[in-house]
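Subject: Structure handover

Hi,

Here is the structure for you to look over. My notes follow below it.

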Amino acid sequence: MQTDLRGRDLIGDLDFSKEEVEMVLDVAFDLKRKRALGEPHPYLRDKALAMLFFFSSTRTRGSFEAGMAQLGGHAAFIESRTTQIAHGDTEKEMGEIFGRYFDGIAIRHVEWGIGNRYLNFVAQASRVPILNMQCEIYHPFQILADLMTIIEKKGRDLRRMKMVVSWAYAASYLKPISVPQSLILQMPRFGLDVVLAHPPEFKLMPDIMDQAKEQARKYKTGFEVVEDMEAAFKEADIIYAKSWGPLLTSNDPQEGKRIQDQYEDWITDERKMALAKDDAIYMHPLPADRNIEVTDGVIDGPHSVVFDEAENRLHAQKAVMALTMR
Ligand code: CP
């Protein structure tokens, strides 16, 4: 088993093999235990991470920054608008120059058709790992934290468990499609039967769908697409219901909102949760549109694991940083 991840990028969910993800999870659980015990774990002493943000964040920024401090290093928060990127610094400059200052470069860039390409161009010019804090295609660190949370709640043997990845209505903005895409890529490798539910206008990228189906075939798990939220919820073990924009149908915010507003009944409420198994868990990466995307009763209720899920961002990210940046 290849366990040396030094120098590796994590941009797409499948950049690490299943065995490498298992290694990340083992390290993440160990770091979580060490933090609970107050055991110092300065694996990245004197190392520095650049965190370059083109889009807002609460959890990602907080957990990468705290994580680097707990590993004995430093994280520099850099908002793109405060840099010289608008005045000509290209991906090559960012990769070359930050690659000489820092030991890792983490980037969040979710602009449709731009973000993922940006990360890959920086990676080409960088001598240090590029870590994807979310682009328009993938959100790999969210999914590592999700996987960790599912294992904590449901155990390591996830075969024959039904995970629903469902679209939900939101009124705030057209959210990226990266979370559902990353979920359907990673979860089949760990034995979960995935049911993807969304209205017809909310399809995911065809290439990602093909790769997800290929993972499901390879790992002999179920993969089904339905257009009925309630049918999907029946007898589910895991409900992961969140909003995303109809970006494959229209990238125009006004048209997207018009399409989205047809489906206000796609809310996760107590009645729909009751269709799932009694011990089903409710997951959401946050932020959620409360009482629009999910009721307070569900997100604050007994099935919800959203705060453990948010906490696990810290442990999963520390594991990847410790393994790739040492
Ligand atoms: N889940 C997540 O990525 O949260 P932030 O957008 O707040 O970082």
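Two strands pair here if DSSP finds at least two bridges between them. Helices (H or I, at least four residues) and strands (E, at least two) are DSSP runs, numbered from the N terminus. This is a predicted model: local features need pLDDT of at least 70, side-chain atom pairs count only at pLDDT 80 or more, and totals for chains, interfaces and linings use all residues. Residues are numbered from 1 along each chain as its sequence is written, and side-chain values use heavy atoms, without hydrogens and water.

The sheet. Five strands make an open sheet, ordered β7-β6-β5-β8-β9, with parallel pairing. From one strand to the next, the twist averages 20°. Strand β8 (residues 238-242) runs parallel to β9 and is joined to it by three bridges. Tyrosine 240 has methionine 283 in β9 as its bridge partner.

Helices on the sheet. Axes are lines fitted to C-alpha atoms, for helices over the stretch in contact (heavy atoms within 4.5 Å). Angles run from 0 to 180 degrees between N-to-C directions. Helix α5 (residues 140-154) lies across β5 (162-167), β8 and β9, at about 170° to β9. Helix α7 (residues 206-218) lies across β6 (193-197) and β7, at about 140° to β7.

Helix on helix. The axes of α5 and α12 (residues 306-324) come within 8 Å and cross at roughly 115°. Contact residues include Phe141 and Leu144 of α5 and His315 and Val320 of α12.

Best wishes
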